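Let's take a look at one helix and its surroundings. Keep the 3D view open and follow along as you read.

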Amino acid sequence: MKREKLTNEQISAFCLEFSMLLHAGVAVGDGAALLAEESAAPEDRVMLEQMAREMDGGAPLSAALRYSGRFPDYVPGLV
């Protein structure tokens with residue numbers, strides 16, 4: 001199954017929301033889980049829940065972004 005890449009607007013919104021959570025002291029796995037709870041799009045919810053599980057298991061955020069297959073290569077590279 002081919003995964004749709006996120007749009008620039010979606011990437012921007014994700015980065016902004018995630019950065020606010022991190023600056024507030026929320027752990028990366030918990031931050032992804034919180035974003036999943038608030039997500040209206042089922043495909044985004046599934047992606048964020050998977051990312052949360054990976055990061056709770058010890059994977060870095062960059063690896064979780066890369067594994068999702070929904071972010072362009074430059075995003076995990078920047079993280």
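Helices here are DSSP runs of H or I with at least four residues, numbered from the N terminus. With that in hand, note that α3 is followed by Gly 58, whose phi is positive, near 110°. Keep in mind that this is a predicted model.

**The helix itself**

- Which residues of α3 are buried? They are Asp 44, Met 47, Leu 48, Met 51, Ala 52, Glu 54 and Met 55.
- These residues sit on the same side of α3, because they cover an arc of only 165° around the axis.
- An α-helix has 3.6 residues a turn, so residues three or four places apart point the same way.

**Meeting α4**
- The axes of α3 and α4 come within 9 Å and cross at roughly 140°.
- That angle makes α3 oblique to α4.
- The crossing of α3 past α4 is right-handed.
- On the α3 side, the contact is made by Met 47, Gln 50, Met 51, Glu 54 and Met 55.
- On the α4 side, Leu 61, Ala 63, Ala 64, Leu 65, Tyr 67 and Ser 68 make the contact.

How values were computed. Residues numbered from 1 in each chain as written. Predicted model: local features only at pLDDT ≥ 70, side-chain atom pairs only at ≥ 80, totals over all residues. Heavy atoms only, no water. Buried < 20%, exposed > 50% of the residue type's maximum accessible area, 1.4 Å probe, protein only. Helix = DSSP H or I, 4+ residues; strand = E, 2+ residues; numbered from the N terminus. Arc of directions from axis to C-beta. Axes fitted to C-alpha atoms, helices over the stretch in contact; angles between N-to-C directions. Parallel < 35°, antiparallel > 145°, perpendicular 65-115°, else oblique. Left-handed = near helix turned anticlockwise from the far one by under 90°. Contact = heavy atoms within 4.5 Å.
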